[in-house]
Amino acid sequence: MTALTLWRNAKLATLQGSTPWGWIEDGTLLTQGDRIVWVGEASALPAAQAKQVEDEYDLGGALLTPGLVDCHTHLVYGGQRAAEFEQRLQGASYEAIARAGGGIRSTVAATRAASDEELLASATRRAHSLMADGVTTVEIKSGYGLSEWDEARCLRVARTLGQTLPLSVRTTYLGAHALPPEFAGRTDDYVDAVCTWMPALHAQGLVDAVDAFCENIGFTPAQTRRVFEAARALGLPVKLHAEQLSDQGGAALAAEFGALSCDHLEHLSESGIRAMHTAGTVAVLLPGAYYFLRDTTLPPIDALRAHGVPMAIATDHNPGTSPGLSLLLMLNMACTLFRLTPEEALRGATVHGARALGLHDRGTLAAGQRADFCVWDLEHPNELAYWFGHNPCRRTIAGGLERTL
């Protein structure tokens, strides 16, 4: 039997129970292998388990939280789009740049031109940045290949990251991200191709979920439905880029398919919120994109709260609309821009982020959960959303093992 490891002398934000933060002032945590087996006040540690401890760590009164979950990223791509950033500052809209052949299509060209080794090297650097912030689980979407070959390459790179780094990786097939140049004027034919490629990608073990960009510069609700029907035929869960630039009714459509999450949601309607609540769909808020695009339409935070829709927070790391690589910064932005409370923000980057990926074995500190947690040089978890431009992460435990970068 694997030995027990004791982590003591810590302030715990377990995010469990009815007390704010799931707070334990003088906390102790026991792990065995990659699982947490006991969490509680130090004075309540069972004597029988204490006798079985073989390794012990004194955390010196530091703060301990669940490992962070970044549930929406586009880490695998070639090139960058700093020139478009300048264009937007000079008045060009995101939609205008996209319609002129920039935007996602420019990243597709750079991604197709990059070798597998180049894609892996650049994605590894980005993953290291997220990991340094305390991220232990990350979702990585495809969507910058837009051919069967290149979508598979990007998904394989994402899988490789999960195999070579102390990081849990979930992959999402986002073939319906944009229309590639070879399908110009043939959007329905491209949607057919996206659906046709899906079974082979799934058979290769490359796909954990399926996403689409349902938008006036993306794909229509009818086209998105076809993608989701193909996913459902394979037993794959769906997610959706929904209501970012306009209200296409995408959230209600995604909820009809029991979507894990709907993401962005600046233009989400009341009916969409009700549909998400009924389906148990998570609202993934992406303040980095809101900030970088200088958007002025806020997601309907109060309505999401009122309907009890869980809200996750993610970086949405991508080269065009959210090139940030700090989930901690997103916690601050979620509070300052979207007016979330610090506790809502942390729950969004832990328990609700995990739920947005269909993962229920992480995101809290509780017996039976995966032993993913972070040790912070902080007094209170509200500081995680307070500081920015500063990383207080002292150490990260992923799957019960201390992670070194």
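Visitor: What should I know before reading the model?
Guide: The model is predicted: local features need pLDDT of at least 70 and side-chain atom pairs count only at pLDDT 80 or more, while totals for chains, interfaces and linings use all residues. Residues are numbered from 1 along each chain as its sequence is written, and side-chain values use heavy atoms, with hydrogens and water left out.

Visitor: How are two packed helices described?
Guide: By the angle between their axes and the distance between the axes. Here, α7 (residues 187–203) and α8 (residues 221–233) pack at about 10°, with axes 9 Å apart. Axes are lines fitted to C-alpha atoms, for helices over the stretch in contact, and angles run from 0 to 180 degrees between N-to-C directions. Helices are DSSP runs (H or I, at least four residues), numbered from the N terminus.

Visitor: Are α7 and α8 roughly parallel or oblique to each other?
Guide: Roughly parallel, a label for angles under 35 degrees; over 145 is roughly antiparallel, 65 to 115 roughly perpendicular and the rest oblique.

Visitor: Which residues in α7 and α8 meet?
Guide: With contact meaning heavy atoms within 4.5 Å, the α7 residues include Val191, Val194 and Met198, and those in α8 include Val227 and Ala230. By class, this contact has seven nonpolar, two polar and three charged residues. Ala, Val, Leu, Ile, Met, Phe, Trp, Tyr, Cys and Pro count as nonpolar, Asp, Glu, Lys and Arg as charged, and the others, Gly among them, as polar.

Visitor: At what angle do α5 and α6 cross?
Guide: Roughly 45°, and the axes of α5 (residues 116–132) and α6 (residues 148–164) come within 10 Å. α5 and α6 are therefore oblique to each other. Among the residues that meet are Leu119 and Leu120 in α5, and Val157 and Leu161 in α6.

Visitor: How do I tell a cavity from a pocket?
Guide: On a 1 Å grid over the protein atoms alone, a cavity is a set of points where a 1.4 Å probe fits but cannot get out, and a pocket is an open set with protein on both sides within 12 Å along at least five of seven lines; lining residues have an atom within 4 Å of a point. Grid points are joined across faces, edges and corners, and a volume is the space filled by probe spheres set on the points. The whole structure has one cavity of 30 Å³ or more, and about 120 Å³ lies in the largest cavity. Its lining has 14 residues; Tyr94 and His177 are among the closest to its centre.

Visitor: What is the volume of the largest pocket?
Guide: About 320 Å³. Its lining has 17 residues, with Ala98 and Arg105 among the closest to the centre. α3 gives the most to this lining, with three residues.

Definitions and conventions: Helix = DSSP H or I, 4+ residues; strand = E, 2+ residues; numbered from the N terminus.
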